[in-house]
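These are my notebook entries on one structure. I set down what I looked up, in the order in which I looked.

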Amino acid sequence: MATDRPVIVYPPDESGGRRVRVDGTILGLAYSTRDVAAFLQEAGLQGWDDLDVVRSRLIEWRGGGPDVWTH
């Protein structure tokens with residue numbers, strides 16, 4: 001991954017989903033940390049789970065941390 005914080009999770013939209021971007025590419029809309037972990041596994045970080053997502057310094061959380069899923 002190219003930068004120090006290559007994963008960005010954007011603020012929740014009106015449905016409570018958060019866009020997930022990895023290295024500049026939007027991978028989809030997550031509704032939980034489990035969804036974020038699934039996207040990261042698809043991006044090559046095999047074995048990641050929702051606890052890894054919560055603890056990782058690779059992720060920049062915008063509009064609230066991993067516990068915020070509504071606006």
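Is Leu29 buried, exposed or partly exposed? I found a relative accessibility of 32%, so Leu29 counts as partly exposed; buried means under 20% relative accessible area, exposed over 50%, and partly exposed in between, with a 1.4 Å probe and protein chains only.

I note the basis of these entries: this is a predicted model, in which local features need pLDDT of at least 70, side-chain atom pairs count only at pLDDT 80 or more, and totals for chains, interfaces and linings use all residues. Residues are numbered from 1 along each chain as its sequence is written, and side-chain values use heavy atoms, with hydrogens and water left out.

**Entry: Leu29 and the sheet**

I placed Leu29 in strand β3; strands (E, at least two residues) and helices (H or I, at least four) are DSSP runs, numbered from the N terminus. Not counting residues up to four places away in sequence, Leu29 touches Asp13, Ser15, Gly17, Arg18, Arg19 and Phe39, where contact means heavy atoms within 4.5 Å. I also looked up Val9, which is 20 residues from Leu29 in sequence and 9.3 Å away in space, C-alpha to C-alpha.

I then read the sheet as open, with 4 strands in the order β3-β2-β1-β4 and mixed pairing. Its edge strands, β3 and β4, each pair on one side only. Two strands pair if DSSP finds at least two bridges between them; β2 and β3 do so over 5 bridges, in the antiparallel sense. Val22 stands opposite Thr25 in β3.

**Entry: helix α1**

In α1 (residues 33–42), I listed Thr33, Val36, Ala37, Phe39 and Leu40 as the buried residues. Seen down the axis of α1, they fall within an arc of 160°, so they line one face of the helix; the arc is that of the directions from the helix axis to the C-beta atoms. On the other side of α1, I found Arg34 and Glu42 exposed.

Against which elements do the buried residues of α1 pack? I recorded β1 (7–9), β2 (18–22), β3 (25–30), α2 (50–55) and β4 (59–61).

I took Thr33 as one case from α1. Thr33 is buried, with a relative accessible area of 14%. Leaving aside neighbours within four places in sequence, Thr33 is in contact with Asp50, Val53, Val54, Trp61, Pro66 and Trp69.

Last, I checked what follows α1: Gly44, whose phi is positive, near 115°.
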